[in-house]
2 protein chains.
Amino acid sequence: MKKLVNSPVDVVEEMIEGYVMAHSDYMSQLPTNKRSLVTKKTDKNRKVGVLIGGGSGHEPGFMGYVGQGMADGVAVGNIFASPSPDPILEVTKSIDQGSGVAFLFGNYAGDVMNFGMAAESADLEEDIEVRKALGTDDVASAPKEEKEKRRGIAGEFFIFKATGAAADFGYELNDVMRVAEKANAQTRSMGVGLTPCSLPQTGEPSFEIGDDEMEIGLGHHGEPGIEKGKLESADRVAERLVQDILADEPLTGGDEVAVLVNGLGSTPRMELYIVYRRVQQLLNELGISIYRSYVGDYITSLEMGGCSVTIMKLDEELKQTVDHPVDCPMFVQR
Amino acid sequence: MKKLVNSPVDVVEEMIEGYVMAHSDYMSQLPTNKRSLVTKKTDKNRKVGVLIGGGSGHEPGFMGYVGQGMADGVAVGNIFASPSPDPILEVTKSIDQGSGVAFLFGNYAGDVMNFGMAAESADLEEDIEVRKALGTDDVASAPKEEKEKRRGIAGEFFIFKATGAAADFGYELNDVMRVAEKANAQTRSMGVGLTPCSLPQTGEPSFEIGDDEMEIGLGHHGEPGIEKGKLESADRVAERLVQDILADEPLTGGDEVAVLVNGLGSTPRMELYIVYRRVQQLLNELGISIYRSYVGDYITSLEMGGCSVTIMKLDEELKQTVDHPVDCPMFVQR
C-alpha cells in the first residue's frame, strides 16, 4: 500500500518529531529517551501520575491522549509493538510527584512484560509506587469467564479518560486504580474489519480477506476474529456488534452508558455515523440511555478499514469522569 | 470499495440522523428541512449569523464545524454535490438575528449558483441581508492572477474558524466579511492524491492512478491535478507542496503563519505528522514561524488517500481568530 513516508525504519522517530514540533505547547520529549513524551499541562489537583503506552500505528492512541485531563506521559513503541522498559521507566520518573504512578495499557504479552519490568525497576531502583490496570475490553478475544485474558482495543480510550479524570479529582493511588479497574470492568468492545492495513517495513497486508467479506471480532493488529462472513449492511453490522456486547454484559432498562463508535483508520466518518445511528436505536429500544457518545477515529490500526463499538456502563462516579474536560493534542473535550 | 452503509441512496440522510442523535446537545435539525442543521450553542456576543455548507463526504466538513465559535448552521448536500437553495434558505432564516448572515462555501459552480439563489431569496422574501465569501485556496486550480477562479479545499477550515471568531467578537456584518475575505486572501493550499475514493452509489473510483504514482494538485472531489508523477518520499512531497504555496505568495522571515496538514480520509496520522515535520523545518529555515498548527482529517474526500498543506499568513487580528476557542462536535479547541 502507498505510504507518505521517508525510510520505513524512521517512521516512528519522524512521527514523534513532527508531533512534538506541532504541539510544542503541550508536549516535551524527555532528554533521556526519545520514546518518552510528557505533558506540559497538568491539573494542579493531580497527585498521581498517569502513564499510558503501547505500539505505534494506533494514533490518536496513545500519544494523542497525553495532556490535561488524561495521561501525564506516554512510552511509544514501534508499530504494533510494545515500548521497551526504558522509555516507560523514564516517563515514570518524570511524572511521579511522590504519590505513585498508574500504568494503563492493553493486555498484550509484550506490553505485560515490558510494563511489568519497568514497574519493578521503578519500585526497586527509584522507590516509586506503580500500579497497573490492563485494558481487556475486546469481547471477541476470550470467553466471558476469562475477561482477564481479553485484549484491549478501543475501550482503552474510556479507561484513559476515566483514570485521568480520577487523577484530576485529586484521588490517591488506591482510588485512581479503583476507578481504572471499574472503567475496564464496565467496558466492552466488538470490532469488525473490512480491509487490512500494511506495515511500512513490509508492505504486507495485516490479514487476508475477500472483496465481499468482513471479519467479526478482529483484533486491532489484524488478529483473526471469531467469524468471517459476507459483508453486511451497516445496520446488520451494528446489530451484531451490540448483540455480542449485550450477551456478554446484559444491560437493562434505565441503565446509562457511554458509547464509542471507533473507526479503524480508513472508514469515513459518514459510515461511522450510520453505524452509530443503529447502535443508539438498539440501545434506546431496550430503555438504555446514552449519556455521552463519541464517534470518530479514537484508536486506529494505520489505514485498516472497519469499526468497533464500545459500551461503558456508567455509575455516578464514571459519569463525572466522562464529563471531565480534556485538553490533549488529538482529543479535546470542553 | 467496501462500505459500511445500508442502501446507498440513504447514506446522507442516515449520516445526518446519526449525527444529530450523537450530538443532540449541540445540534438541531430544522423541522422545515432535514438538510438544515443549526447549533444549540451560540456565543452571547454574536450578532451576525454564520452559515456554511457544501457536499457531503468531506466530514468533518461541513456539518462538523457547526457549534460555538464557528458556524451557526449548515446546509448539507448530497455526496460531493451542492445543497439546493431550500435548506440554505431555511438555515438562513433560523440563524439570522436581524444583523445579517455570512455565507461561507467553496468556489464550485453548483455551490455558487445555489448559495446565490438562496441569498437572493433571503433578501427579497425575508428581508435578510446576506453576504458571501468563497473559499479559493487551492493554488493548483488556477493561476496566481486568477485567485478568484480557484477551488476551495482544506483552507476553508481556516476561513470558517476566522469568520466564526469574528462573529463571536460581536463584529457587524461588514467586519465579519472583511475578516472572512482576508482569511481567504491569505490562505493557500496544495494537495497530493495517492488513492481514489468511491461513491456509495456507483462504487467507481474517483480517479485512476498507478500503484506507484501520485497526483499533485488534485482537487478534493478527484479533479485532476497539475501533474502526475512517481510517488515520492514524505519529505519530497512536503517540499513540493510548500514550494508551490510559497511561489504563489512569498512569505518572508519574521512572518507568522497557521499551518494545516490535512488528511484526505485514509492517510494515517502517522504519515501526516511525518509530512508536518518537514513543512515546519522548511518554514523555520526561511525564518517563518508557525503560530499554531493543525494536523489531522479536517476536510476529507471519503476514503481518499493523500494530504494537503495549507498555510494562512497571520496578522494580529487573524491571530486572535486562530486562538479563539471552539466547541463543535467534530472540532474542539480550548
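This is a predicted model: local features need pLDDT of at least 70, side-chain atom pairs count only at pLDDT 80 or more; totals for chains, interfaces and linings use all residues.
Residues are numbered from 1 along each chain as its sequence is written, and chains are lettered from A in the order in which they are written. Local features need pLDDT of at least 70 and side-chain atom pairs count only at pLDDT 80 or more, while totals for chains, interfaces and linings use all residues; side-chain values use heavy atoms, with hydrogens and water left out.

**View 1. Glu317(A) pairs up with Arg178(A) in a salt bridge.** The closest N and O atoms sit 2.8 Å apart (a salt bridge is a side-chain nitrogen of Lys or Arg within 4 Å of a carboxyl oxygen of Asp or Glu). Glu317(A) belongs to helix H8 (residues 316-323) and Arg178(A) to helix H5 (residues 173-185), so the contact ties together parts that are 139 residues apart in sequence. Helices (H or I, at least four residues) and strands (E, at least two) are DSSP runs, numbered from the N terminus. Glu317(A) is buried at 15% relative accessibility, and Arg178(A) is partly exposed at 36% (buried is under 20% relative accessible area, exposed over 50%, partly exposed in between, with a 1.4 Å probe and protein chains only).

**View 2. Asp327(B) and Lys41(B) meet in a salt bridge.** Here the N to O distance is 3.3 Å. Asp327(B) is in strand S13 (residues 326-328), Lys41(B) in the loop between strands S2 (36-39) and S3 (49-56), and the two are 286 residues apart. Asp327(B) is buried at 5%; Lys41(B) comes out partly exposed at 24%.

**View 3. Glu172(B) bridges to Lys47(B).** This salt bridge spans 3.0 Å, N to O. Glu172(B) is in the loop between helices H4 (156-168) and H5 (173-185) of chain B, with Lys47(B) 125 residues away in the loop between S2 and S3. Both ends count as partly exposed: Glu172(B) at 42% and Lys47(B) at 32%.

**View 4. Gly61(A) and Phe62(A) are joined by a cis peptide bond.** Omega is near 0°, and Phe62(A) falls in the loop between strands S3 (49-56) and S4 (73-79) of chain A. In chain B, the bond from Gly61(B) to Phe62(B) is also cis, with omega about 5°. Most peptide bonds are trans.

**View 5. Asp127(A) has a positive phi, though it isn't a glycine.** Phi is about 55°. Asp127(A) sits in the loop between helix H3 (109-126) and strand S6 (130-135) of chain A, exposed at 69%.
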